[in-house]
Amino acid sequence: MVLASQAQHGMWITEMVHGGGTAYHMPFAMWFDGPLDRGAMLKACESVLARHPVLGCAFEDRDGELHLVPAADRPPVGFVRAEDPEELVRAEIARPFDLGRGPLARFTLVEVGPSRHVLLFVGHHLVFDGMSKDLLVRDLAAAYSGGPLPPLPMPYGAAATIPPEAAAYWREHWRDLPTVVIDGVAGTARTAGRGETVLLDLTGEMSGWERAGVSRFELFLTAVHALLFRYGNAEPAVAIAMSTRGPETGEHIGLFATELPVYSAPTPDVTLAELAHDLRARLRGLNRFRDIPAARAAGGIRPRPALAPVSISFRRRAADVAFAGLDVVAEWKMSNHMVRNVLHLQAVDGDDGLRLTLHYSPDLIGREHVERAGEHLRAVLAADPGLRLADLPLPAAAPAPVPAPEQAEAHPPGAAAGAVDGEVVEQVRQIWMEVLRIEELAPDEDLYDLGGHSLTITQISARIRKRLGVEVPFDVFLDDPTVAGVAAAVSELRA
């Protein structure tokens, strides 16, 4: 049993509160043509599981702290035959994970024909990230060829701390900007929803910016910010995936990434190059705190599937790895058929060029708008870096539509206070004051207005469980995050 990382805790509480469906499922497939040795491949999968113990873990809340514990069963390594594996692959991606029991990873080797196989891996994001795909391929190839795979130690267990400078940084920089305008359509994602994809090849458009003095990722981020600004978003907000790997974790499969929001506030006269260097400076400041989840550091942020309405995952893929006697094609950008915000841009930059997948929610924005946004992005990437944002070859920015008013909360704060035993309210109030380390609060004060975050929720829940003998569902802290609301839930559960 080891302590989970802050990133794992934030993802875990988000799924417990919202119910993530397949939003955190990470599928990866490799197609093999040639005389594959089935026994050797299955044994290689087992070797990878033995090397990376995190794949055999589950998660358990113990007294308000999240721990990695051994899963109830070993991750399955299966073999099936299917001439058309599409339905099987979709079913495996959709098959749920039990975070409390595990396992949170599985392999399925599918024989499509005598000389054609596909190996499907599906892991939960809690134990797998984008760079883990490269490590998975490398270790599978080594094991398949008979090479040794020495086991690695569990890479987690460090106590979670928030440096004061990180808290100060996020209190200054955090912005709650849930709505984005894309091609004239305003969208706001409250929960993860069904997702669809649009594919683009942007290899040619990424070749002319080297003279601007920024990295390929920085120029891609700049193009997205510029496009959002031209769509009428005065202060574009884009969440980016940042690696937290270091020398001690560089070889480990697992979750070693965090999602952090990057904001900008350009003007029409700013050039693309100037915006790029502004974002470069912002990234340098952000990089100092890449190990610290923004929601934990800033406090007062409700658990949410995404920190910004648009997000980017931009990863440089490792060089291809050979499997003896086999031709291999890897699907680096497989979809889990859900999206956590309005639009997610998944870019994989390899020796064969830059491939982009636009993941979007059809419930929030139509495919035609996403396709047009993709072509607009292509135009921005191909533009001269000295061009002003106002002069980009795009349609004139339309004013942002007024978002539809939010529906009233199902359980307004304090609504049930009159029906709850006063002693229960007082016990819950005392627990809140202990956890939040404040001397006084009213029953109708909002947890997040008081600086609460994901760890606060688990600590309050643990003390309620210990003292009052009930397990309060985490979604109560989303529906009615007040002492009165939580006390009402406790009373109902004890009735």
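Two strands are taken to pair if DSSP finds at least two bridges between them. In this predicted model, strand β12 (residues 237-243) is joined to β13 by 7 bridges, and the two strands run antiparallel. Within this pair, I240 stands opposite L260 of β13. Strand β13 itself spans residues 257-263 and is mostly covered, with 6 of its 7 residues buried.

An open sheet is formed elsewhere in the listing of strands by 5 strands, in the order β5-β6-β7-β2-β15, with mixed pairing. The edges of this sheet are held by β5 (77-81) and β15 (327-331); each has a single partner strand, so one side of each is left without a neighbour in the sheet. From one strand to the next, the twist averages 20°.

Helix α4 (residues 130-144) lies across β2, β6 (105-113) and β7 (116-124). Relative to β2, helix α4 runs at about 35°.

A further arrangement involves helices α10 and α11. The axis of α10 comes within 10 Å of the axis of α11 (residues 454-468), and the two cross at roughly 140°. Angles over 145 degrees would count as roughly antiparallel and those from 65 to 115 as roughly perpendicular; α10 and α11 are therefore oblique to each other. The crossing of α10 past α11 is right-handed. On the α10 side, the contact is made by Q427, V428, I431, W432, E434, V435 and L436. On the α11 side, T456, Q459, I460, R463, I464, R467 and L468 take part. Sorted by class, the contact of α10 with α11 comprises 8 nonpolar, 3 polar and 3 charged residues.

Helix α10 covers residues 422-436 and includes M433. The relative accessibility of M433 is 8%, and M433 therefore counts as buried, the cut-off being under 20%. Apart from neighbours within four places in sequence, M433 is in contact with I438, E439, E440 and L441. Between M433 and V472 there are 39 residues of separation in sequence, and the C-alpha to C-alpha distance is 18 Å.

Methods:
Residues are numbered from 1 along each chain as its sequence is written. This is a predicted model: local features need pLDDT of at least 70, side-chain atom pairs count only at pLDDT 80 or more; totals for chains, interfaces and linings use all residues. Side-chain values use heavy atoms; hydrogens and water are left out. Helices (H or I, at least four residues) and strands (E, at least two) are DSSP runs, numbered from the N terminus. Buried means under 20% relative accessible area, exposed over 50%, partly exposed in between (1.4 Å probe, protein chains only). Contact means heavy atoms within 4.5 Å. Axes are lines fitted to C-alpha atoms, for helices over the stretch in contact, and angles run from 0 to 180 degrees between N-to-C directions. Angles under 35 degrees count as roughly parallel, over 145 as roughly antiparallel, 65 to 115 as roughly perpendicular and the rest as oblique. A crossing is left-handed if the near helix is turned anticlockwise from the far one by less than a right angle, and right-handed if clockwise. Ala, Val, Leu, Ile, Met, Phe, Trp, Tyr, Cys and Pro count as nonpolar, Asp, Glu, Lys and Arg as charged, and the others, Gly among them, as polar.
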